[in-house]
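Below are my notes on the model you sent. They run as numbered points, and each can be checked against the coordinates.

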Amino acid sequence: MKAGNLYYPLGHGNEKGRLAHVDFHDVGKAIASVLANPEPHAGKTYNLVGEYHSGPQIAGAITMKAGVGVKYHDVDDATTVAAFEALGLQPWIAAGNVETIRWFREGEGQDIKSDFEAITGEPSTKFGEFVRTSLKPLLTM
């Protein structure tokens with residue numbers, strides 16, 4: 001992304017192929033809430049998702065909130081697996097990540113509702129805020 005390109009296999013920006021985002025700080029807050037009062041959560045399963053974005057929307061948010069011009073490029077699954085492996089992911093993790101992305105790209109998972117607010121009492125972090133606070137420092141080093 002530092003070079004101005006975001007390569008991801010999300011398709012060409014239609015309503016299908018929107019990826020769900022969850023801020024890692026939000027995951028920590030949800031876990032802390034459950035651990036602080038575990039009884040009401042016993043036996044429950046939760047979905048922690050934030051906003052859904054297409055590839056061009058992700059690139060746009062990075063451009064606006066990190067101040068780094070980024071253009072989205074759709075790439076095929078095999079290229080993405082190879083790129084994840086080149087970043088150091090084990091082959092099975094790289095393939096699993098791409099399988100999850102494919103699931104979203106094909107229009108699945110677009111209606112998952114988040115339980116974050118019910119668990120923590122606050123709204124989830126917006127993707128743009130995540131970019132500003134967590135991604136921008138990495139891109140501007």
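**Notes on the model**

1. The largest cavity has a volume of about 30 Å³. A cavity here is a set of points on a 1 Å grid over the protein atoms alone, where a 1.4 Å probe fits but cannot get out; grid points are joined across faces, edges and corners, and the volume is the space filled by probe spheres set on the points. Rolling a probe the size of a water molecule over the atoms shows where empty space is left. A search of the whole structure finds one cavity of 30 Å³ or more. Its lining (residues with an atom within 4 Å of a point) consists of His 21, Val 22, Asp 23, Asp 26, Leu 48, Val 49, Gly 50, Ser 114, Phe 116, Ser 124 and Thr 125.

2. On provenance: this is a predicted model, in which local features need pLDDT of at least 70 and side-chain atom pairs count only at pLDDT 80 or more, while totals for chains, interfaces and linings use all residues. Residues are numbered from 1 along each chain as its sequence is written, and side-chain values use heavy atoms, with hydrogens and water left out.

3. Confidence is given as pLDDT, the predictor's confidence in each residue, from 0 to 100. The chain has a mean of 92, and 96% of its residues reach 70 or more. Strand E1 (residues 5-8) has the lowest confidence, at a mean of 89, and helix H1 (residues 24-36) the highest, at 96.

4. The chain holds six helices and four strands. These are DSSP runs numbered from the N terminus, with helices (H or I) of at least four residues and strands (E) of at least two. Their order along the sequence is β-β-α-β-α-β-α-α-α-α. The C-alpha trace spans about 45 × 30 × 30 Å along its principal axes.

5. Of the 141 residues, 35% count as buried; buried means under 20% relative accessible area, exposed over 50%, and partly exposed in between (1.4 Å probe, protein chains only). Among contacts (heavy atoms within 4.5 Å) with a separation of 6 or more, 80% are between residues 24 or more positions apart.

6. Which residues touch the most other members of the largest nonpolar core? They are Ile 62 and Val 131, in a core of 25 residues. Such a core is a set of buried Ala, Val, Leu, Ile, Met, Phe, Trp, Tyr and Cys residues joined through side-chain atoms within 4.5 Å. Two or more residues come from each of strand E2 (19-20), helix H2 (55-66), H3, H4 and helix H6 (127-139). Not counting residues up to four places away in sequence, Val 131 touches Ala 61, Ile 62, Lys 65, Ala 66 and Lys 136.

7. Phe 84 belongs to helix H3 (residues 77-86) and counts as buried because its relative accessibility is 14%. Beyond its neighbours within four places in sequence, Phe 84 is in contact with Tyr 8, Leu 89, Ala 94, Asn 97, Val 98 and Ile 101.

8. Gln 110 sits in the loop between helix H4 (91-105) and helix H5 (116-120). With 17% relative accessibility, Gln 110 is buried. A polar atom of its side chain lies 2.9 Å from the backbone oxygen of Arg 18, and the side chain also reaches the backbone oxygen of Phe 104 at 3.4 Å. A polar contact is a pair of N or O atoms within 3.5 Å; within protein, one must be able to donate a hydrogen and the other to accept it, and residues adjacent in sequence count only if both atoms are side-chain atoms.

9. Helix H5 includes Thr 120 and Glu 117. Thr 120 is buried, at 19% relative accessibility, whereas Glu 117 is partly exposed, at 49%. The Thr 120 side chain reaches the backbone nitrogen of Glu 122 at 3.2 Å. Leaving aside neighbours within four places in sequence, Thr 120 is in contact with Lys 29, Ala 30 and Ser 33, and Glu 117 with Glu 122 and Pro 123.

10. His 12, in the loop between E1 and E2, is exposed, with a relative accessible area of 72%. Its C-alpha atom is separated by 22 Å from that of Val 22, ten residues apart along the chain.

Note on methods
On a 1 Å grid over the protein atoms alone, a cavity is a set of points where a 1.4 Å probe fits but cannot get out, and a pocket is an open set with protein on both sides within 12 Å along at least five of seven lines; lining residues have an atom within 4 Å of a point.
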